[in-house]
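Trainee: I am new to this structure and would like to learn how to read it. Could you take me through some of its features?

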Amino acid sequence: MSVDNLVARLLAGNRRALSRTLTLIENDTPEGRRAIALLYARSGKAHTVGLTGSAGSGKSTLSGALAKELRARGRTLGIVAIDPTSPFSQGALLGDRIRMQDLTSDPEVFLRSMATRGALGGLAPSTAGVVTALDAFGKDVVLVETVGAGQDEVEVARMADTTVVVLTPGSGDDVQAMKAGIMEIADVLVVNKSDLPYADLLSKQLAALVQQSPSGRPIPILRTSATQDEGIGALVDAIEEHRAYLQQAGVQQAHRRRQARHQLLALARQRLIDRVVAQQGADGLLEDLVGKVARREVDPHTAADQLIGG
Amino acid sequence: MTQERKIRVLIAKPGLDGHDRGAKVVARALRDAGMEVIYTGIRQTPEMIAEAALQEDVDVIGLSILSGAHMELFPRVINALKERDVDPAEVLLFAGGIIPDADISPLKQLGFRAIFGPGTSTEDIISFVREWAKSRPLTAA
């Protein structure tokens, strides 16, 4: 079956066609790129929500709880759950479905697990394309759950409309929270596992920090306990309020321009590198320069100039 | 960067037995062999397994069962897959656990291409999946 046919079936609401399209996109095949080209103009309607936080902070359980609440409010959902690829075997164990059992029989929820396949930044290389397809399929909300993120995995904010950063009590003092990176991308901050000790302390520390935020818009701090189903309604309210804020004149447009610029440059950069590696790799120049840099005969900057200059 | 086509595997435990050591060992072994393994956890209904297979567009489905209910549950998994337009013939289906010899032949007729009993080495399962993957069609569409 041709990609055009497949995409037509996807747009008609066929979930099998959606699933197959996601595979083509994930594998970055020519068919996958064609599918994105066909779907892109129809995307941009869904509210994309990124959920990030450290490993074990409860992102998957919270995603499950959020999804249930959003379904109760009548929203249809796409969920993209990302887990790490092993740098040694290139394999991956994708376990996010375990935490979302209640949702797996609901036909209005489409959950796709992805492995990072070597990408840094907390997302998989084709995440944006997969989100485009779920969006064009007609999902009201697309939740993107990153891998367990450290301090510098901020890619999700460059793709999502609303970024939720999940923290847990006892995960470091207030200096950790003052560091650059993941704390700065939050549109909504969540203190999850708020039934644990020190939840109060963390909330207070965050509140003090947010007061100093330069962006102007106050960042809501919410307390949730995903396993106890507490605070979920308020979190969904805060996420939807952020969307309303974005939709004010000018704000969303500027946001999407920043995202478009980032995505375009990232893809162009990758294509340029692929082209250079394919050309100079075949000519042996790449290996030649690698050897010279390793032996300290040429410095890396000069070698890079030579590689690109051919 | 064009990605090589990864082998995506669903490992699931239908029914009510909670003995998932074997399923986890197989999931981990396939991961270490470079595959992407979706593990759904225990106590899955046939519908949940078929939904996961549909949404994740897996190439391989491995079912683990120790309760003895396989002759009841496995046909229901096959039916649930068909209902979702997932052709069982296009997916590599295998099973493991406690399955009497007498049931192997009917399960193979149902579409299961291998039954791995106690004592199977994970190497055997890995090479079985890899051999099949070599012969599969390359485009998902």
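Predicted model: local features only at pLDDT ≥ 70, side-chain atom pairs only at ≥ 80, totals over all residues.

Trainee: How far apart should the end C-alpha atoms of helix α9 of chain A be?

Mentor: Counting 1.5 Å a residue, the 33 residues of α9(A), 251-283, should span 48 Å, and the end C-alpha atoms are 48 Å apart, so the two agree.

Trainee: How many of the 33 residues of α9(A) are buried?

Mentor: A residue needs 20 or more other C-beta atoms within 10 Å of its own to be called buried. In α9(A) the count of such residues is zero, and the helix is hardly covered.

Trainee: Now the helix pair. At what angle do α1 and α3 of chain A pack?

Mentor: Helix α1(A), residues 3-11, and helix α3(A), residues 30-39, pack at about 45°, and 10 Å separates their axes. That angle makes α1(A) oblique to α3(A). The crossing of α1(A) past α3(A) is right-handed.

Trainee: Which residues meet there?

Mentor: From α1(A) come A:V3, A:D4 and A:V7, and they meet A:E31, A:R34, A:A35, A:L38 and A:L39 of α3(A). By type, the residues of this contact are five nonpolar and three charged, with no polar ones.

Trainee: And how should I think about the two chains touching?

Mentor: The size of an interface is often given as the accessible area lost when the parts come together. Here we can count residues instead: chain A gives 35 residues to the contact and chain B gives 32.

Trainee: Which elements of chain A supply at least two residues of the side that touches chain B?

Mentor: They are α1, α2 (15-26), β3 (92-94), β4 (109-115) and α9. The most comes from α2(A), with seven residues. That side of chain A divides into 13 nonpolar, 13 polar and nine charged residues.

Trainee: Let us finish with B:R31. Is B:R31 buried or exposed?

Mentor: B:R31 has 23 C-beta neighbours inside 10 Å, so it counts as buried. You will find B:R31 in helix α1 of chain B, residues 21-32.

Trainee: What is B:R31 in contact with, leaving aside its neighbours within four places in sequence?

Mentor: In chain A, B:R31 is in contact with A:S86, A:S89, A:G91, A:A92 and A:L93, and in chain B with B:V37. As for B:D101, it lies 70 residues from B:R31 in sequence and 29 Å away in space, C-alpha to C-alpha.

Key. Residues numbered from 1 in each chain as written. Chains lettered and ligands numbered in written order. Helix = DSSP H or I, 4+ residues; strand = E, 2+ residues; numbered from the N terminus. Expected span 1.5 Å × (residues − 1). Buried ≥ 20, exposed ≤ 12 C-beta atoms within 10 Å, placed from the backbone. Axes fitted to C-alpha atoms, helices over the stretch in contact; angles between N-to-C directions. Parallel < 35°, antiparallel > 145°, perpendicular 65-115°, else oblique. Left-handed = near helix turned anticlockwise from the far one by under 90°. Contact = placed C-beta atoms within 7 Å. Nonpolar A, V, L, I, M, F, W, Y, C, P; charged D, E, K, R; others polar.
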